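Below are my notes, as numbered points, to read next to the model.

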Number of protein chains: 2
Amino acid sequence: MNCLTNSAENKIKEAAIKVFLEKGFDGTTTRDIAKEAGVNSALMNYYFRSKEKLFSSVFEEKLQQYFSGMIEIFNKPIGMKEKISDLIENDFQMFKKNPDLSNFIIHELHRNPDRFFSAIAFDKIVDHSSLSKQLTTSIENGEVIQIDIKNVLLLMKSNIQFIFLCKSMTCKMWKMEDESFEEFAEKHKTIVKEMILNYLFNSSKN
Amino acid sequence: MNCLTNSAENKIKEAAIKVFLEKGFDGTTTRDIAKEAGVNSALMNYYFRSKEKLFSSVFEEKLQQYFSGMIEIFNKPIGMKEKISDLIENDFQMFKKNPDLSNFIIHELHRNPDRFFSAIAFDKIVDHSSLSKQLTTSIENGEVIQIDIKNVLLLMKSNIQFIFLCKSMTCKMWKMEDESFEEFAEKHKTIVKEMILNYLFNSSKN
DNA sequence: GTTTAATTTAATCAATTGATTAAATTAAAC
DNA sequence: GTTTAATTTAATCAATTGATTAAATTAAAC
């Protein structure tokens, strides 16, 4: 019943993660998943009842992953400048390790926005109130410019995620291979960090 | 043979644009398109030979649209600061009018990166050399900081496109309707413009 | 070792999907 | 007005797809 490490159920889940992230829900057939998992295709329905249910379990897991790193950092007892810097760095590393994740989340939410709430209790998971309070304090301090938390988060997300979202276009346009793309991404991350920190923080404090 | 405005061929093409942009290639059936166009489903194959070919013609058109505005501005005889500002504004207006365009291009290129070249002759269409030269001059002037054209373009694209790419997530997270989202988007555009211009341009010149 | 439950397989379904065919209709050419 | 070509339709295919079923096998309980 346990020791799932290599059980059929686990192999199916792993395969589903891989295939759904590559091809999306519509581009994936249940036979794709069964083949990737190396199991009989009826097993998928035995364990997960339907393609839709299997997908949901994958999507839920990935949406959690998408947010999980942020939340820890939100509550870290560190200064605002360091926190912003950490959030950027954290996202960068996550998408570097999971190059399909961003496309997957963005596309599946675009196709069916309601998945957002069926997959996550946002209020519980992303408790932005702590960060929000810290931002307010920093603004009152004069450390940070007058700005809404929504814009701050969007600035960070846009500049990091988009590097990976449009990876294929970048590589085609500028004739890059994986290696030079990685260099480019690292370089861009540095620029983004500098630009955002410069913009948000008043120059008096360093 | 002509007067295509309301011909079946044209209705199919229009319907294909609408449905493909909403649902993507994998999420669309030929019957969806026929139904949307209000024509017999065999007509699609009569005019376009196959779903793949119809899709290609849509994708090609949309990729051109994606780049078309940029190119004009690249070659405008205006200063660097105004040009950057115009490019940002132009992208913003395009994606505001075509909220699915960004998702469509990003997703279909992610699924099949080679479509990029089958759909566009990049060297011809995006002649970035003019902008590239202007940037070099501006850097030598001391007007602009030392930076690569690739990073400049990516900064602009990221910050504008991503607003619309993650529209559904934004609306869910912050409980926005279409109206307040539009306000938010406008506000964010202003911030992005200011941030990017501040970052790229040395403060001596105004 | 027998019984019972859990897991796996092969065979098969009905529905959907992209595509084709042949006939019917409409428009154009002369 | 007849001939010819272009357009449209209804009917139908074969292949694919998500799912189910019933039988076979394996593991667990006693």
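1. A word on burial before anything else: a residue is buried if 20 or more other C-beta atoms lie within 10 Å of its own, exposed if 12 or fewer, and partly exposed in between, with C-beta atoms placed from the backbone. By that count, buried residues make up 34% of the 206 residues in chain A.

2. Some housekeeping. This is a predicted model, in which local features need pLDDT of at least 70 and side-chain atom pairs count only at pLDDT 80 or more, while totals for chains, interfaces and linings use all residues. Residues are numbered from 1 along each chain as its sequence is written, and chains are lettered from A and ligands numbered from 1 in the order in which they are written.

3. On the fold, chain A holds 12 helices and 0 strands; helices (H or I, at least four residues) and strands (E, at least two) are DSSP runs numbered from the N terminus. The C-alpha trace of chain A spans about 65 × 45 × 30 Å along its principal axes. Two residues are in contact if their C-beta atoms, placed from the backbone, lie within 7 Å. Among the contacts in chain A with a separation of 6 or more, 67% join residues 24 or more positions apart.

4. Chain A is divided into domain 1 (1-49) and domain 2 (57-205), with bounds that come from an automatic or database domain assignment. The centres of the two domains, taken over C-alpha atoms, are 30 Å apart. Contact between them involves 7 residues of domain 1 and 6 residues of domain 2. On the domain 1 side, the residues that touch domain 2 are 5 nonpolar, 1 polar and 1 charged. For these classes, Ala, Val, Leu, Ile, Met, Phe, Trp, Tyr, Cys and Pro count as nonpolar, Asp, Glu, Lys and Arg as charged, and the others, Gly among them, as polar.

5. Now the chain pairing. In the contact between chains A and B, 34 residues of chain A meet 34 residues of chain B. Which helix of chain A gives the most to this side? H10(A) does, with 9 residues. Others that supply at least two residues each include helix H1 (8-27), helix H6 (101-111) and helix H12 (178-200) of chain A. By class, the side of chain A that touches chain B has 17 nonpolar, 12 polar and 5 charged residues.

6. The core is worth a look too. A nonpolar core is a set of buried Ala, Val, Leu, Ile, Met, Phe, Trp, Tyr and Cys residues joined through C-beta atoms within 7 Å. In soluble globular proteins, nonpolar side chains tend to be buried together. Here the largest nonpolar core has 96 residues, and Ala16(A) and Ala16(B) touch the most other members. Ala16(A) is in contact with Ile33(A), Leu54(A) and Val58(A), leaving aside its neighbours within four places in sequence.

7. The surface near DNA strand C divides into 7 nonpolar, 6 polar and 3 charged residues.

8. In an unreviewed entry, UniProt lists residues 29-48 of chain A as "DNA-binding region"; such annotations may be inferred rather than shown by experiment, feature names are shortened, and positions are given in the numbering used here. Over residues 29-48 the chain is 80% helix and 0% strand, with end C-alpha atoms 14 Å apart. Asn45(A) has its place in helix H3 of chain A. Asn45(A) is partly exposed because 14 other C-beta atoms lie within 10 Å.

9. Is Phe104(A) buried or exposed? Phe104(A) counts as buried because it has 24 C-beta neighbours inside 10 Å. Phe104(A) lies in helix H6 of chain A and touches Leu21(A), Gly24(A) and Lys62(A), not counting residues up to four places away in sequence. Ile73(A), in helix H4 of chain A, counts as partly exposed, with 18 C-beta neighbours inside 10 Å.
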